[in-house]
Amino acid sequence: MNTTLFSHIQLMNPVLESRYLKLEESRNRLIGELEGLDEELLNRPAATGKWSINQIVAHLIQVEQLTNSYIQRKVQEEELESASLAHTLRSLLLRVALHSGMKFKAPAAVAKVPAHASLNSLRIQWDAARYQLEDTLTELPRPLLDKCVFRHPYAGMLTITQTLAFLQDHFDHHARQISRLRQQWLK
């Protein structure tokens with residue numbers, strides 16, 4: 001076998017890969033559940049001033065895109081802050097808050113979602129965002145695993161594993177919201 005052909009291939013860290021694959025599994029399951037629903041239903045807001053299912057999906061995509069962009073910028077810095085017990089505690093508090101069902105006001109950068117979108121166009125955007133995240137995780141140097149690479153608006157600086165935990169918890173938080181909306185529409 002020609003090893004020089006494969007010498008440039010970089011593998012994702014196994015810890016990051018397992019978290020990434022869980023995110024992918026969750027996303028694929030959600031998209032699969034939504035595929036059979038009518039587009040009008042997917043774009044119907046729960047109430048005045050509330051998001052529709054597709055708007056929630058658009059928000060999830062925005063969060064992933066902005067998170068990944070931040071990480072890509074941050075890892076270019078020469079000196080990154082090492083994670084501390086305070087970072088771990090804030091990350092844990094964020095996880096508890098997202099699992100509790102608390103309602104959060106979305107930060108302005110991820111609060112503007114299109115009024116109407118097709119599930120297919122959202123899937124294409126999400127595919128692109130996920131490919132970019134996969135590349136970022138694959139290229140992340142091992143010494144940066146314990147460094148703070150993302151600033152959450154409420155929890156502050158997080159390591160890459162804490163950031164992936166946030167993305168999963170954030171996804172799960174909104175997946176529960178989508179599930180409630182689906183049950184409401186399908187009654």
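Student: Does E24 count as buried or exposed?
Tutor: Let's compare the value with the cut-offs. The relative accessibility of E24 is 16%, where buried means under 20% relative accessible area, exposed over 50% and partly exposed in between (1.4 Å probe, protein chains only). So E24 counts as buried.

Student: What kind of model is this?
Tutor: Residues are numbered from 1 along each chain as its sequence is written, and side-chain values use heavy atoms, with hydrogens and water left out. Local features need pLDDT of at least 70, side-chain atom pairs count only at pLDDT 80 or more, and totals for chains, interfaces and linings use all residues, for this is a predicted model.

Student: Which residue meets E24 in a salt bridge?
Tutor: A salt bridge is a side-chain nitrogen of Lys or Arg within 4 Å of a carboxyl oxygen of Asp or Glu. The N to O distance here is 2.6 Å, and the partner of E24 is R130.

Student: Why does the pair of E24 and R130 tie together parts that are apart in sequence, and how many residues apart are they?
Tutor: Helices (H or I, at least four residues) and strands (E, at least two) are DSSP runs, numbered from the N terminus. E24 lies in helix 2 (residues 14-34) and R130 in helix 6 (residues 119-139), so the parts they tie together are apart in sequence by 106 residues.

Student: Which residues share one network of salt bridges?
Tutor: A separate pair to start with is E40 and R44, whose closest N and O atoms are 2.9 Å apart. Both are partly exposed, E40 with a relative accessible area of 45% and R44 with 30%. The network is joined by salt bridges that share partners, and its residues are E24, R27, E64, D127 and R130.

Student: Against which helices do the buried residues of helix 6 pack?
Tutor: Among the buried residues of helix 6 are L119, W126, R130 and L137, and R130 is at 1% relative accessibility. The buried residues of this helix pack against helix 2, helix 3 (39-42), helix 4 and helix 7.

Student: Which element gives the most to the lining of the largest pocket?
Tutor: On a 1 Å grid over the protein atoms alone, a pocket is an open set of points where a 1.4 Å probe fits, with protein on both sides within 12 Å along at least five of seven lines; lining residues have an atom within 4 Å of a point. About 1,000 Å³ of space lies in the largest pocket. Of the 37 residues lining this pocket, those closest to its centre are H59, F104, K105, A106 and H174. Nine lining residues come from the element that gives the most, helix 7.

Notes: Grid points are joined across faces, edges and corners, and a volume is the space filled by probe spheres set on the points. Contact means heavy atoms within 4.5 Å.
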